[in-house]
Amino acid sequence: AVVSTQSTGDFQGFMHKSRENGCGYDDEFGAQQEIYTKYAENYDNLMYSEVEQYVGFNILANAINEHYADKNLKILDFGCGTGLLGQALHNRNFKNIDGSDCNAGLLKSASDKGFFKGLFCSRGTTNLPTERVYDIICSSGTFFLSRSHPCTEAFPDLIKLIKRGGSLIILTKKSYLDKDYVDWGIVKEMLRKNIIEEVERVYIPGYRRVFEFEKDRLSMAAILHYRVLQ
């Protein structure tokens with residue numbers, strides 16, 4: 001399918017305005033869900049296209065593949081969208097993958113791919129398993145995109161779903177880490193209490209295409225890797 005420059009401009013323009021200007025949380029979330037639903041059927045084509053060039057899911061899948069030889073680990077792709085990260089992990093022979101997202105249209109596209117063991121329509125951790133069942137919870141291109149996307153406030157609930165010794169691994173754009181709506185105090189407190197430890201924080205260029213409104217001309221990706229201690 002052909003993807004227009006206007007399509008990606010609409011999508012990225014909305015996300016940029018949300019990051020920079022913000023509005024009421026619920027209003028922004030509602031508008032966010034409308035735009036995801038609008039592009040759900042064509043989302044993969046949009047991300048792969050020359051006008052978007054998004055490869056964050058492959059960057060994260062490569063990192064997970066390098067860290068973990070056991071392909072039977074139970075993994076949750078949190079904020080899975082249409083399943084781009086899950087597909088990339090599946091292509092690297094990880095076979096025990098669940099996905100969660102709060103948008104039914106995106107989840108329909110994920111389900112059609114046919115490799116997820118379980119899919120959950122969930123905002124935050126609502127409707128997810130209530131015990132420590134996952135070896136890895138990972139997320140690509142979901143955290144810190146705007147005030148109404150998942151931020152550090154989600155960490156404590158996600159940690160409760162990860163086995164001790166397991167990992168929370170997030171890929172996002174480096175420039176989003178410094179936004180005023182990201183509360184790093186939550187993570188510092190979890191580190192101080194030895195609930196988690198930081199395994200690594202890695203920066204890699206080429207997250208996606210650079211847009212005209214962005215100062216980061218290298219489009220730096222950030223991988224945040226935490227191990228669950230208790």
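I began at asparagine 103, which touches Gln33, Tyr36 and Thr37, leaving out residues up to four places away in sequence. The model I am reading is predicted.

I placed asparagine 103 next. It sits in the loop between strand E2 (97-101) and helix H6 (104-113).

I then followed glutamine 33. It belongs to helix H2 (residues 25-39). Its relative accessible area is 12%, so I noted glutamine 33 as buried too. I found a polar contact of 3.0 Å between the side chains of glutamine 33 and asparagine 103. Neighbours within four places in sequence aside, glutamine 33 is in contact with Cys102 and Asn103.

I moved to glutamate 200, in strand E6 (residues 196-204). Buried or partly exposed? Glutamate 200 is partly exposed, because its relative accessibility is 23%. I listed its contacts beyond four places in sequence: His67, Ile223, Leu224 and His225. With histidine 67, glutamate 200 makes a side-chain polar contact of 2.8 Å.

Last, I looked at the largest nonpolar core. It has 67 residues. Ile64, Leu89, Ile137, Phe144 and Phe155 have the most contacts inside it. I picked phenylalanine 155 and set aside neighbours within four places in sequence. Phenylalanine 155 is in contact with Phe143, Phe144, Leu168, Ile170, Val187, Met190 and Tyr226.

Methods: Residues are numbered from 1 along each chain as its sequence is written. This is a predicted model: local features need pLDDT of at least 70, side-chain atom pairs count only at pLDDT 80 or more; totals for chains, interfaces and linings use all residues. Side-chain values use heavy atoms; hydrogens and water are left out. A nonpolar core is a set of buried Ala, Val, Leu, Ile, Met, Phe, Trp, Tyr and Cys residues joined through side-chain atoms within 4.5 Å. Buried means under 20% relative accessible area, exposed over 50%, partly exposed in between (1.4 Å probe, protein chains only). Contact means heavy atoms within 4.5 Å. Helices (H or I, at least four residues) and strands (E, at least two) are DSSP runs, numbered from the N terminus. A polar contact is a pair of N or O atoms within 3.5 Å; within protein, one must be able to donate a hydrogen and the other to accept it, and residues adjacent in sequence count only if both atoms are side-chain atoms.
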